[in-house]
Amino acid sequence: MIGGGIYGAWTAGHASRMGLRTALIDKGDWASGTSSASTKLIHGGLRYLEQFKFGLVRTSLKERAELMRLAPHLVRPLRICIPLFRSNRVGPLKLKAGLRLYDLLAGKRRIARAGKGITAGEARAAYPFLNPGELKGGLFYHDCQTDDFRLTLGVVAGTVKAGAAAANYVAAENLTENGGRIARAEVQDRLGGGRFLIRAGAVVNAAGPWVVAGEGFSDGIPSGRVCLSKGVHLVLEGLPTSDALLLMAGRDGRIFFIIPWYGRTLVGTTDSRYTGDPERVRVEPEDVDYLLSRIERYAPALNLDSSSVISCFAGLRALADQPGKALAKVSREWVLLRPRPGYLVSLGGKLTTAREDALTIAAAVGEELGLGRDRLPKQSGTPIPSAPPKDFEAWHEKAAQECRSSGIDHGACLALASRYGAELEPVLEIVRRRPDLASRMVPELPFVLAEAVHAARQEMAFCLEDILRRRIPVMILSRPDQELIARVAALAAPELGWTETRTETEIRETLARWRGLLPEDAGTGKSGIK
């Protein structure tokens, strides 16, 4: 299994539970590509109703409910408001009908009844930053929010528990055949430097933007079959609401979200064709301008410009291209290619439906290996290892109370219990031994220093970026802080066996990468609204 994002992780887990000897590798950290650059939503895809993709929406809503069961601490309900502006391209009656249909497709799995409305006055009181002259009211519906990296990491942990071998920082460089079938992958250990062969009856490539990046990876895939879609998100100070907002971007027909996440606000996403090196994808000033201009239209009272941007991040989706179609018309639906015997390639898809799509991949692997129907993967899901007991709310309250007894503040305790679930105890044990590590890393964010030790000790982190960008998303939720980087490096060094030279290198390189998360002119006002 090549690619340790959400698709690779779920597929490896299903294959292991089928009784197959399975190896899962990624050339970088787990979920270090597309899977940690999402909008952090587990959702049915309300916009797909306009395209009459009712089957996709129904499947997504079914998976939303399943993920709430499998990871109740990481997949939490989120109320979303659709403000009704005079300039909306979709009128209120059509929106209300769409939300009712959304409810019908969810059936018994719905979170709360959709379509409840509020008046213009109520909307202005609830969201005082929205343009009052344009605002006619609002409609509500519910989806779910997640921490995409921690969800993927939990799935990887479940995959290992099911018997798979899993290694990050192991790159597949070459695929070779035996008897007319793909049967071997030559891989490199990017940490230790060694090279070795992995022999397999079937190889699944779920490497996302890097799906055709290795020797032999693209053989059998028609030229131009894969295209990359770039999505950008901005991180702003937290707005005075716990609701998310779905806004319609106007002339280009796109929608975008304003979402609360760990006390900050995420805004996104853009959608543009990308033809460069996936390793070099970055947020450009024009990406920032696009999103800020859309917010300016609907929320001018915020008075935002590029200096308001705390951070930003870009991700790439690998799609099955459709020649002659504009990117906006290219389907985002998941497809499985089988370009050569023994070789399967995953394209498209989304965070919400990855588990279901991975079942199809695992079944295709079973067919490749000639397994009987009794060996194919079952539909019932296994909760990820950190999933708390069924009564999550009662468990969460008790866990937060125990956390507070360790000296951690209330807000951080709530976040810790949700982030770590039933595996919270190792973090608390670190705090008991080192009470000074109960302190927050950044005052405005609910992350404590003990998490850095835990990440280095038990969560397969190998560098500071692994810790501060993904396991603890400080690098996308705050501005560069050399003092914090040095503090975390001092905590990680003894856990990872770093020398003084290696520690200094980690500090220097992490600070450079953190600064690189911002576009060149962000923070100076130069890329503000035109």
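# Close-up views of a predicted model

**View 1. F52 is found in the loop between β2 and α2 (54–70).** Helices (H or I, at least four residues) and strands (E, at least two) are DSSP runs, numbered from the N terminus. This is a predicted model, in which local features need pLDDT of at least 70 and side-chain atom pairs count only at pLDDT 80 or more, while totals for chains, interfaces and linings use all residues. Residues are numbered from 1 along each chain as its sequence is written, and side-chain values use heavy atoms, with hydrogens and water left out. Is F52 buried or exposed? With a relative accessible area of 64%, F52 is exposed. Here "buried" means under 20% relative accessible area, "exposed" means over 50%, and "partly exposed" is in between (1.4 Å probe, protein chains only). Look at the backbone too: phi of F52 is near 60°, a positive value in a residue other than glycine. Most residues other than glycine have a negative phi, and most peptide bonds are trans.

**View 2. A31 also has a positive phi, about 55°, although it is not a glycine.** You'll find A31 in the loop between β1 (23–26) and β2 (41–42). A31 is buried, as its relative accessible area is 2%.

**View 3. G268 and T269 are joined by a cis peptide bond.** Omega for this bond is about 15°. T269 belongs to the loop between β14 (264–268) and β15 (272–274).

**View 4. N88 sits in the loop between β3 (76–85) and α3 (92–106).** N88 is buried, with a relative accessible area of 13%. Which backbone oxygen does the side chain of N88 reach? That of P83, at 3.1 Å. This is a polar contact, meaning a pair of N or O atoms within 3.5 Å; within protein, one must be able to donate a hydrogen and the other to accept it, and residues adjacent in sequence count only if both atoms are side-chain atoms. If you skip its neighbours within four places in sequence, N88 is in contact with P83, L95, M248 and Y298. Contact means heavy atoms within 4.5 Å.

View 5. Apart from neighbours within four places in sequence, E451 is in contact with L416, R419, Y420, V427, P446 and I472.

**View 6. Helix α14 covers residues 482–496 and has a kink.** Its 15 residues reach 20 Å from first C-alpha to last, close to the 21 Å expected at 1.5 Å a residue; the expected span is 1.5 Å times one less than the number of residues. The kink, about 25°, lies at A490, shortly before the proline P494. The bend at a residue is the angle between axes fitted to the seven residues ending there and the seven starting there. Just after α14, G497 takes a positive phi of about 70°. The buried residues of α14 are L484, I485, V488, A489, L491, A492 and A493, and they pack against α11 (450–458), α12 (464–471), α13 (474–477) and α15 (500–516).

**View 7. β7 and β8 make a hairpin.** Strand β7 (residues 170–178) pairs with strand β8 (residues 181–189) in the antiparallel sense over eight bridges. Two strands count as paired if DSSP finds at least two bridges between them. N174 stands opposite E186 in β8. Two residues lie between the strands, and G179 in the turn has a positive phi of about 65°.

**View 8. Three strands form an open sheet in the order β10-β18-β17, with mixed pairing.** β10 (203–205) and β17 (335–340) are at the edges with a single partner strand each, so one side of each has no neighbour in the sheet. β17 and strand β18 (residues 343–347) pair in the antiparallel sense over four bridges, with V335 opposite L347 in β18.
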